Amino acid sequence: MGEKSEYKIVCENISKTFIQKGTQQVHVLEDISVSVKENEFVVILGPGQSGKSTLLRIIAGLETPTTGRVILDGQEVSGPGPDRGLVFQSYMLFPWKTVLGNVEIGPKLRGVPKEERRETAQHYINLVGLDGFEKHYPHQLSGGMKQRVGIARAYANQPEVMLLDEPFGQLDAQTRYFMEKEIVRIWEAEKRTVLFVTNNIDEAIYVGDRIISLKGKLPGKMHEVYKVELPRPREHTDMKFLQLRHEITEASELTL
Amino acid sequence: MSTVANEIQMVVKEKRPLSLKIVLKNQWFLYTVSIVAFFLVWDYAATTDVLKGGLARPYQVLLQSISMITDRLAGLSLWGHIWASTQRILIGFAVAAVVAVPLGLLMALNPYINAVVKPVFDLFKPMPPIAWISISILWFGIGETSKVFIIVIGTFVPCLLNSYNGVRLIEPQLYDVVRVLGGNRRDEILQVCFPAAFPAIFAGLQISLSIAWTCVLAAELVSSRSGLGFIIFQGMTLSKPAMVLSGMILIALVAWLTTLLVTGLEKLLCPWKREVVGL
């Protein structure tokens with residue numbers, strides 16, 4: 001396979017059908033092929049009900065594709081593993097653990113000694129800008145801060161691929177803008193291969209190197225691929241930004 | 001910011017004169033009015049004898065309680081009777097919790113155990129624990145065992161149901177967190193199941209405790225030579241309303257104290273719940 005050297009992740013012709021109530025079939029994804037280079041920031045853009053979250057869960061290994069396969073570093077994915085980190089839309093922090101406890105859970109599960117995992121956790125708590133909040137419980141944090149913990153938790157497990165499932169979907173618009181800047185800053189500080197799912201066109205252009213847009217309603221199909229060749233940090237009011245935004249909006253309106 | 005706010009608050013306080021309107025709206029004042037009025041009505045009802053000698057005056061109840069500390073009743077002082085009831089509760093409650101909580105967790109985690117245990121459990125669930133009193137006396141006699149048995153029966157149901165539901169209602173994505181980070185089934189149970197079910201288990205223990213007091217009272221009323229239920233029953237046979245009422249009040253007091261104990265334990269063991277529940 002020639003792709004092995006060039007691409008970090010390859011999704012080959014993935015389709016997914018859920019069986020509901022015994023017999024009813026729901027087609028969620030149809031023939032999706034995505035290839036992601038090492039340290040590339042790829043956005044999967046699609047409206048609600050386009051199966052984009054399911055695609056991410058398949059890559060994470062939490063769901064198995066009905067047809068097709070996911071290849072990571074030349075190896076077919078058969079289940080979840082610490083080489084891929086997942087950030088959830090609704091944070092999914094453990095309310096009974098402090099910020100530090102939540103961030104160090106990955107290394108702890110893998111049996112990393114206390115001193116070492118504390119050091120790792122602290123490093124990523126600092127990276128996401130939460131130093132001073134180590135002993136706070138999740139319910140004491142705002143939504144943006146909770147998601148910072150979610151990002152630090154995924155990073156602290158030292159994954160090669162970061163999967164983000166609409167990570168800022170529950171934030172207010174202002175916090176959302178700010179967190180988009182932050183995720184780019186964090187990614188530039190410690191590069192990883194990123195797959196970022198969103199339904200927000202602005203967000204997709206702001207964060208992504210490449211945007212793969214899906215067609216809704218179910219089943220989600222491949223639509224277009226856009227390369228974002230704007231220098232970072234990007235400006236939402238930049239002429240080229242707006243042109244691309246216009247182009248994507250026009251094209252995706254046809255699919256709704 | 002906060003110092004500014006404090007200053008403003010102080011100024012406002014100084015400006016307000018102590019008028020009747022403010023006093024009448026003060027909640028502590030209203031609490032006091034409510035309690036004092038209750039005792040006055042009670043005392044009035046007792047002195048005018050509307051209940052034909054069935055009601056004692058508040059001070060008589062207080063004197064009765066104090067006298068029971070020194071005057072032994074059926075060979076036991078007041079402390080002895082309180083301990084008799086409390087001991088039954090603690091044993092019954094402990095037995096039920098130790099068996100029912102793990103069983104509930106197992107049922108939620110293992111569908112086979114659930115399929116075997118749940119039908120039988122559902123059969124017994126709607127039966128009020130008091131209904132077991134007669135059969136338990138036939139089985140175990142009128143001694144301690146039958147009373148403890150009633151408490152075990154009564155508290156078993158909420159203990160089991162709450163730990164079972166506590167696990168069943170866990171957000172499934174929390175397990176995904178552990179799986180994605182590289183954890184196995186054991187990690188899912190230890191890192192997610194147990195801590196997430198903890199608050200529900202404690203809610204079950206709280207409910208169990210109040211049921212336990214109902215059970216022990218009923219059991220002691222039916223047959224007993226000791227306990228707070230016995231004091232009430234004795235007061236009834238001796239036609240001493242003060243004794244009945246002091247028994248009732250003491251039960252409420254001790255039950256409240258045991259509830260505080262469990263609440264305190266919960267706060268100690270799950271600090272993350274403190275502000276979420278707001279209790």
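Let me start with one definition: a residue is buried if 20 or more other C-beta atoms lie within 10 Å of its own, exposed if 12 or fewer, and partly exposed in between.

Hello, everyone. What you see above is a predicted model, with an ipTM of 0.90 and a pTM of 0.82.

Let's begin with helix 6 of chain A, residues 143-156. How many of its 14 residues are buried? Eleven are, so this helix is largely enclosed by the rest of the structure. The buried residues run from A:Lys146, A:Gln147 and A:Arg148 through A:Val149, A:Gly150, A:Ile151 and A:Ala152 to A:Arg153, A:Ala154, A:Tyr155 and A:Ala156. And what do they pack against? Their partners in chain A include two strands, strand 6 (84-87) and strand 7 (161-165). Helix 3 (99-103), helix 4 (105-109), helix 5 (114-127) and helix 7 (173-189) are also among them. From its first C-alpha to its last, helix 6 of chain A reaches 20 Å, close to the 20 Å expected. Just after this helix, have a look at A:Gln158, which takes a positive phi of about 55°.

Now please find helix 6 of chain B, residues 111-124. It has 14 residues and a reach of 20 Å, close to the expected 20 Å. Is this helix well covered or hardly covered? Hardly covered: the count of buried residues in helix 6 of chain B is zero. There is also a kink of about 35° at B:Val117, shortly before the proline B:Pro119.

Let's step back to chain B as a whole. Chain B has 13 helices and zero strands. Its radius of gyration is 25 Å, well over the 19 Å that the globule rule gives for 279 residues, so chain B is more spread out than a compact globule. The C-alpha atoms of chain B fill a box of roughly 70 × 70 × 30 Å along the principal axes. Buried residues make up 34% of the chain. If you take the contacts in chain B with a separation of 6 or more, 68% of them join residues 24 or more positions apart.

A word on confidence. The average pLDDT of chain B is 87, and 92% of the residues score at least 70. Over residues 1-11 of chain B, though, the pLDDT is below 50, and this stretch has zero contacts in the model beyond near neighbours in sequence. Where pLDDT is low, the predicted coordinates should not be read in detail.

Where do the two chains meet? In chain B, 17 residues are in contact with 19 residues of chain A. On the chain B side, helix 9 (172-180), helix 10 (185-222) and helix 13 (274-277) each supply at least two residues. Helix 9 of chain B gives the largest share, with seven residues. By type, the chain B side divides into nine nonpolar, four polar and four charged residues.

One last stop, back in chain A: A:Asp31, in strand 2 (residues 24-37). With 14 C-beta neighbours inside 10 Å, A:Asp31 counts as partly exposed. Leaving aside neighbours within four places in sequence, A:Asp31 is in contact with A:Asn13, A:Ser15 and A:Lys221. A:Cys11 is 20 residues from A:Asp31 in sequence and 9.6 Å away in space, C-alpha to C-alpha.

Terms used
Residues numbered from 1 in each chain as written. Chains lettered and ligands numbered in written order. Predicted model: local features only at pLDDT ≥ 70, side-chain atom pairs only at ≥ 80, totals over all residues. Helix = DSSP H or I, 4+ residues; strand = E, 2+ residues; numbered from the N terminus. Expected span 1.5 Å × (residues − 1). Bend = angle between axes of the 7 residues up to and from the residue. Contact = placed C-beta atoms within 7 Å. Nonpolar A, V, L, I, M, F, W, Y, C, P; charged D, E, K, R; others polar. Rg over C-alpha atoms; globule rule 2.2 N^0.38 Å. pLDDT = per-residue confidence, 0-100.
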